[in-house]
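Here is a friendly walk through one protein model, written for someone who likes to see the cut-offs next to the values. Have the viewer open as you read.

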Amino acid sequence: MEPTTDRLKTPRAAGMAGVAFALLLGAAIVLMRISIPGDAADATIDQDRRWAVQLALQIVPFAGIFFLWFMGALRAHTGAAEDRFIATVFLGSGFVFVATLFAAAAAAGTVLNEETPSDFGRHYAYTLLATYAMRMAAVFVLATSMIGRTLGVFPRPLAVLGTLVGLVLLVVGSGVPWSEMLFPAWALVISLHILRVRRTAVQADGSGPP
């Protein structure tokens, strides 16, 4: 019974970490959006809403931590059956996304602490988040959807949804305001699916309450 129980712990960890990541990143994006306009050419911080940017910067590190946990748990769930090429893209895009997310937060924090924020600093932070981080998020979504479809971990509609979300993030980028919310929304859907599957598997296994 122990091997089955251990096998079921990983999907639950992936689901819970994914939910936490989705909620935290979504909250950070909303806070940034209400303080900074969607057009990078006018990425000025509303002085009356600097608190929102400060709160978002406090949230981002925890979102990154939960994302790494989510990514690791997903990879453990696929096991040795994963395709090495796709897995490399999966890992690489995930790590670069977190690094870019942290760099954007650090840049925004530096700008926020300046008495007279420079246009270059604002544009730099905005471009890192809305363009480069979201492009890496798109690659991560596409790779995850491909792994899930190949191994049968995700149902076909969920794999198709992930492919569409990844393509939109990859092509649209920062061109459409609020489009970056697609990434945490996708992570939330995936996480809820994993938790539902885990609950069903535990009930079928009869090893205890979900």
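## A residue in a loop, then the fold

Valine 176 counts as partly exposed because its relative accessibility is 42%, where buried means under 20% relative accessible area, exposed over 50%, and partly exposed in between (1.4 Å probe, protein chains only). Valine 176 sits in the loop between α5 and α6. Its C-alpha atom is 9.9 Å from that of alanine 130, and the two residues are 46 apart along the chain.

Please keep in mind that this is a predicted model, in which local features need pLDDT of at least 70 and side-chain atom pairs count only at pLDDT 80 or more, while totals for chains, interfaces and linings use all residues. Residues are numbered from 1 along each chain as its sequence is written, and side-chain values use heavy atoms, with hydrogens and water left out.

**Overall picture.** The protein chain has six helices and zero strands, these being DSSP runs numbered from the N terminus (helices H or I, at least four residues; strands E, at least two). Read from the N terminus, the order is α-α-α-α-α-α. Of the 210 residues, 44% count as buried. The accessible surface is about 10,500 Å², and 65% of that belongs to carbon and sulfur atoms; the areas come from the Shrake-Rupley method with a 1.4 Å probe, and for residues only the protein chains shown count as cover. Taking contacts (heavy atoms within 4.5 Å) between residues at least 6 apart in sequence, 77% join residues at least 24 apart.

**Confidence.** The average pLDDT, the predictor's confidence in each residue from 0 to 100, is 79 for the protein chain, and 74% of the residues score at least 70.

**The core.** Which residues have the most contacts inside the largest nonpolar core? They are Phe21, Leu25, Phe67, Phe97, Phe183 and Trp186, in a core of 49 residues. Such a core is a set of buried Ala, Val, Leu, Ile, Met, Phe, Trp, Tyr and Cys residues joined through side-chain atoms within 4.5 Å. Each of α1, α2, α3, α4 (119-151), α5 and α6 supplies at least two residues of this core, and α2 gives the most, with twelve residues.

**Aromatic pairs.** Rings of Phe, Tyr and Trp (its six-membered ring) pair if their centres lie within 6.5 Å; planes under 30 degrees apart count as stacked, over 60 as edge-to-face and the rest as tilted. By this rule there are twelve aromatic pairs. Two of them are set out here.

| Pair | Type | Centre to centre | Angle between planes |
|---|---|---|---|
| Phenylalanine 67 and phenylalanine 97 | edge-to-face | 5.1 Å | 65 degrees |
| Phenylalanine 183 and tryptophan 186 | stacked | 6.1 Å | 10 degrees |

Phenylalanine 183 and tryptophan 186 are separated by about one helical turn, because they are three residues apart in helix α6 (residues 182-205). Phenylalanine 67 and phenylalanine 97 are both buried, and so are phenylalanine 183 and tryptophan 186. One aromatic cluster is formed by Phe21, Phe67, Phe90, Phe97, Phe140, Phe183 and Trp186.

Setting aside residues up to four places away in sequence, phenylalanine 183 touches Phe21, Leu25, Phe67, Phe97, Ala137, Phe140, Val141 and Leu169. Its C-alpha atom is 8.3 Å from that of glycine 166, 17 residues away along the chain.

Serine 93, in helix α3, is buried because its relative accessible area is 4%. A polar atom of its side chain lies 3.5 Å from the backbone nitrogen of phenylalanine 140. Beyond neighbours within four places in sequence, serine 93 is in contact with Met136, Val139 and Phe140.

Alanine 52 lies in helix α2 and counts as buried because its relative accessibility is 0%. Leaving out neighbours within four places in sequence, alanine 52 contacts Leu31, Ile34 and Ser35. Between alanine 52 and isoleucine 34, 18 residues apart in sequence, the C-alpha to C-alpha distance is 7.7 Å.

How values were computed
Polar contact = N/O pair within 3.5 Å; in protein donor to acceptor, adjacent residues only side chain to side chain.
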